[in-house]
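User: Hi! I am new to protein structures and would like to learn how to read one step by step. Could you guide me?

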Amino acid sequence: MTALLVAVGAMAGAPLRLLVTRLAARSHHDPALGTLAVNVAGSAVLGVLLGLGSAPSWVLALVGTGFCGTLTTFSAFGADVVRLVEERAVGRALAYVTASLVLGLAAAAAGCALAR
């Protein structure tokens, strides 16, 4: 049952991530902005979920592991950083890494605090 809940959550998170990254690329922005947006949003949702403290295990599987796990992406983040460095945009790569860490942690902390 848990695996099915994770799969159902993933069916919502993965297409949403694809949509956001494609929208960022289509609007002539760096696709990394889409990756940043989904990672920050996923961190906030997971923060809220964990801030609730007593969320049922099925909600953790559906939303935490399934939805947030597929909405956020470390692999795309890593690929974005490598691409920026290969394009000799080291300053943008460092700003992207810093923004991802700071905004992601802040979103998770804010979500957690909001839920308490």
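Analyst: Gladly! Let us begin with a term: a residue is buried when its relative accessible area is under 20%, exposed when it is over 50%, and partly exposed in between (1.4 Å probe, protein chains only). Asp30, at 16% relative accessibility, therefore counts as buried. Before we go on, note that this is a predicted model: local features need pLDDT of at least 70, side-chain atom pairs count only at pLDDT 80 or more, and totals for chains, interfaces and linings use all residues. Residues are numbered from 1 along each chain as its sequence is written, and side-chain values use heavy atoms, with hydrogens and water left out.

User: What share of the 116 residues in the protein chain is buried?

Analyst: Buried residues make up 34% of them. The accessible surface of the chain comes to about 6,800 Å², and 73% of that belongs to carbon and sulfur atoms. Such areas come from the Shrake-Rupley method with a 1.4 Å probe; for residues, only the protein chains shown count as cover.

User: How many helices and strands are in the protein chain?

Analyst: Helices (H or I, at least four residues) and strands (E, at least two) are DSSP runs, numbered from the N terminus. Here there are five helices and zero strands, giving the pattern α-α-α-α-α along the sequence. The C-alpha trace spans about 45 × 30 × 20 Å along its principal axes.

User: How do I check the span of a helix, and what does H2 show?

Analyst: The expected span is 1.5 Å times one less than the number of residues. For the 22 residues of H2, that should be 32 Å, and the end C-alpha atoms are 32 Å apart, which agrees. Just after H2, Gly53 takes a positive phi of about 75°.

User: Which helices do the buried residues of H2 pack against?

Analyst: They pack against H1, helix H3 (57-71), H4 and H5. The buried residues of H2 include Ala32, Leu36, Val38 and Leu49. Packing is read from contacts, and contact means heavy atoms within 4.5 Å. In the whole chain, among contacts between residues at least 6 apart in sequence, 69% join residues at least 24 apart.

User: Which residues does Asp30 meet in salt bridges?

Analyst: First, the general idea: side chains of opposite charge can pair when their charged atoms come close. A salt bridge is a side-chain nitrogen of Lys or Arg within 4 Å of a carboxyl oxygen of Asp or Glu. The structure holds four of these. Asp30 forms one with Arg83, with the closest N and O atoms 2.6 Å apart. Asp30 lies in the loop between helix H1 (2-26) and helix H2 (31-52), while Arg83 is in helix H4 (residues 74-86), so this pair ties together parts 53 residues apart in sequence. Asp30 also meets Arg92 in a salt bridge at 2.5 Å, N to O. Arg92 belongs to helix H5 (residues 90-115), so this second pair ties together parts 62 residues apart in sequence.

User: What else does Arg83 pair with?

Analyst: Arg83 forms a salt bridge with Asp80, the closest N and O atoms being 3.9 Å apart. Both lie in helix H4, three residues apart, about one turn of the helix. Asp80 is buried, at 9% relative accessibility. Asp30, Asp80, Arg83, Glu87 and Arg92 are linked in a network of salt bridges.

User: Where does a side-chain oxygen of Asp30 reach at the start of H2?

Analyst: A polar contact is a pair of N or O atoms within 3.5 Å; within protein, one must be able to donate a hydrogen and the other to accept it, and residues adjacent in sequence count only if both atoms are side-chain atoms. At the start of H2, a side-chain oxygen of Asp30 reaches to within 2.9 Å of the backbone nitrogen of Ala32. In helix H1, the side chain of Thr21 reaches the backbone oxygen of Leu18 at 3.0 Å.
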